[in-house]
Amino acid sequence: MPQSSSASVDAPAATAPAPAGKPRKVPRVLVLGGGTVGLYSARRLRKRLGKREAAIVVVDPRPYMTYAPFLPEAAAGSIDPRNVVAPHRRALKGVDVLQGHVSQIEHARRRVQITPIEGEAYWVTYDHLVVGLGSVARTLPIPGLAEQAIGFKNVEEAIAVRNHILGRIDVASSTWDPELRKKMLTFVFVGGGFAGIEALAEVEDMARYAVRHYKQIEQEEMRFVLVEGSRRILPEVSEELGGYTLETLRKRDIEIHLSTFLSSCVDGHVVLSTGVEFDAETIVWTAGVKANPVLQDSDLPLDKMGRVICNAKLQVVTEDGEVVPDVFAAGDCAAVPDLYNPGMTCPPNAQHALREGNHIGDNLARVMRSAEPTEYKHRNVGAVASLGMYKGVAQMFGKIKVRGFFAWVLHRTYHVFAMPTVNRKLRIMAGWTGSVLLRREVVALGSLHDPRAEFRAASVPPKPREDKPAEQAAAVAKADAKQEALPPQKAEAGSPAEKSDAHAKKD
Ligand SMILES: Cc1cc2nc3c(=O)[nH]c(=O)nc-3n(C[C@H](O)[C@H](O)[C@H](O)COP(=O)(O)OP(=O)(O)OC[C@H]3O[C@@H](n4cnc5c(N)ncnc54)[C@H](O)[C@@H]3O)c2cc1C
């Protein structure tokens, strides 16, 4: 719980009085979401206003902010996943942090319901609100999707994708059955935007590097598939650069299905809208985002896409443009007018989110000192994408197009500067230097996802041998007999053992 008495919340009371009666000594600013917008707005506000002018409280279920542009590199093992997150307690000096989910927003009563990780929900009242709740994966009711696929929006998913893919390679290298092996070594990515292309390209590069250490698996056995609904990839850059990226990925034997949708993936059997069918044990869903659905449980004005409606000063406004007092919003969950592209809203990216966050900090400080807030205006500087080690594409200021090694350097330089905290910047750079000297790490730590499994198994008391049921003993005897009679021709039919022998001969 927050320590500062003026900032302490009204938890865990079931309800708290609206601040209509007695005004608080120090106004409370409640920041919903400790992501890009939340972290930058809270930090800037803290810099602008002293502790006697504002008590700032940030609410987020995670104790850290994630710098998502580095997730593909974290999945590829080029960056330690711990270094793509900025811990709130360190990065938010002078700010109180509450760990929990915002479950309801009642702005008319200036209160928000928070459901903590454990325990009962409680209400927190406030004087000013900042909404930076971000987005969630935009999914579709595709049969099998919820059971088979994984998203790529947070660091936990990036780690899981990495461990899963390296784990499949490990298991496939010791698997006889060719069909099963094929399924294990087929990796599908759905969505050809920035996040999907970077994730696919980085992970494919990592997997090909890893397979060099497996004598039992040939590079050609791995199949990487991209499924994209529109006729092109990377809509964020020009057609020319998107086309170049497409060519580059195709040269790397990545199978690309454009103007195609995933129709079904029940039990890993992938069916595409073009009729193509195959089996895959890995399906990564990166087909876009939608505003955080918790906003639907609020009295804030939303547009058709569920985003909070804002004016250019980042104040929340009604559909008629009337300012809703005491609330600002920005980032993926907000519709912010793009003053450089009249009639458009700012795209949902980190470039805007972190600048909008800073701008909210400045504007809120102005409002709290009875000054006029200013308009947010940012011309997109461009887009940079990494496509694996030493490969990339970039488009700067609309015209300058860069490819290959220089684009990759640009990507790393741009994002390491945008990464919050000097601590993280230094750690990331130190990690990159280490990888150049020692090569990147490609070990799969799959058991991380069920670390107690071995302990659970060890805790089961062994049955005395004589108690072995007759059927179990018979089954074991049968399995032993089968093992002895393993047909040699099965081992010859492309078995890992046989491949290993062949490689050994080559060596
Ligand atoms: C893989 C990937 C790659 C990307 N690459 C780029 C790139 O190269 N360049 C670029 O500009 N942009 C990129 N983006 C987009 C960029 O990261 C986002 O646009 C940006 O982070 C949005 O900031 P935000 O503050 O709105 O949301 P976020 O940074 O996502 O923050 C939202 C916060 O809200 C919290 N939250 C969620 N629900 C609740 C709740 N109920 N209660 C309380 N808190 C909650 C979350 O935990 C999170 O901390 C990428 C995104 C992804 C996923």
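Me: A nonpolar core is a set of buried Ala, Val, Leu, Ile, Met, Phe, Trp, Tyr and Cys residues joined through C-beta atoms within 7 Å, and a residue is buried if 20 or more other C-beta atoms, placed from the backbone, lie within 10 Å of its own, exposed if 12 or fewer, and partly exposed in between. Which residues have the most contacts inside the largest nonpolar core?

Reply: This is a predicted model, in which local features need pLDDT of at least 70 and side-chain atom pairs count only at pLDDT 80 or more, while totals for chains, interfaces and linings use all residues. Residues are numbered from 1 along each chain as its sequence is written. The largest nonpolar core has 127 residues, and Val308 and Ala329 are those with the most contacts inside it. The greatest contribution comes from helix H7 (residues 194-211), with eleven residues.

Me: What makes this core lie between two domains?

Reply: Domain bounds come from an automatic or database domain assignment. Domain 1 (28-137 + 290-368) and domain 2 (145-287 + 382-438) both give residues to the core, so the core lies between them.

Me: What does Val308 touch?

Reply: Two residues are in contact if their C-beta atoms, placed from the backbone, lie within 7 Å. Not counting residues up to four places away in sequence, Val308 touches Val131, Leu295, Leu300, Leu302, Val316, Ala329, Cys333, Ala334 and Ala335.

Me: Why is Ile309 called buried?

Reply: Ile309 has 22 other C-beta atoms within 10 Å, and therefore counts as buried. Ile309 lies in strand E19 (residues 308-309), where helices (H or I, at least four residues) and strands (E, at least two) are DSSP runs, numbered from the N terminus. Leaving aside neighbours within four places in sequence, Ile309 is in contact with residues including Pro301, Leu302, Val316 and Ala335.

Me: What makes the phi of Ser370 and of Tyr390 worth a remark?

Reply: Most residues other than glycine have a negative phi. Phi of Ser370 is near 60°, a positive value in a residue other than glycine, and Tyr390 has a positive phi of about 70° although it is not a glycine.

Me: Why are Ser370 and Tyr390 called exposed?

Reply: Ser370, in the loop between H9 and strand E23 (382-386), has 6 other C-beta atoms within 10 Å and therefore counts as exposed. Tyr390, in the loop between E23 and strand E24 (392-396), has 12 C-beta neighbours inside 10 Å and is therefore exposed as well.

Me: Which residues come nearest to the ligand, and how do the residues of the shell around it divide?

Reply: A residue is near a molecule if its C-beta atom, placed from the backbone, lies within 6 Å of it. Of the 35 residues around the ligand, Gly33, Gly35, Ala68, Gly134 and Gly331 come nearest. The shell divides into 19 nonpolar, twelve polar and four charged residues, where Ala, Val, Leu, Ile, Met, Phe, Trp, Tyr, Cys and Pro count as nonpolar, Asp, Glu, Lys and Arg as charged, and the others, Gly among them, as polar. At least three residues of the shell come from each of domain 1 and domain 2. Helix H1 (36-48), strand E2 (55-60), strand E5 (96-106), H7 and helix H9 (350-368) each supply at least two.
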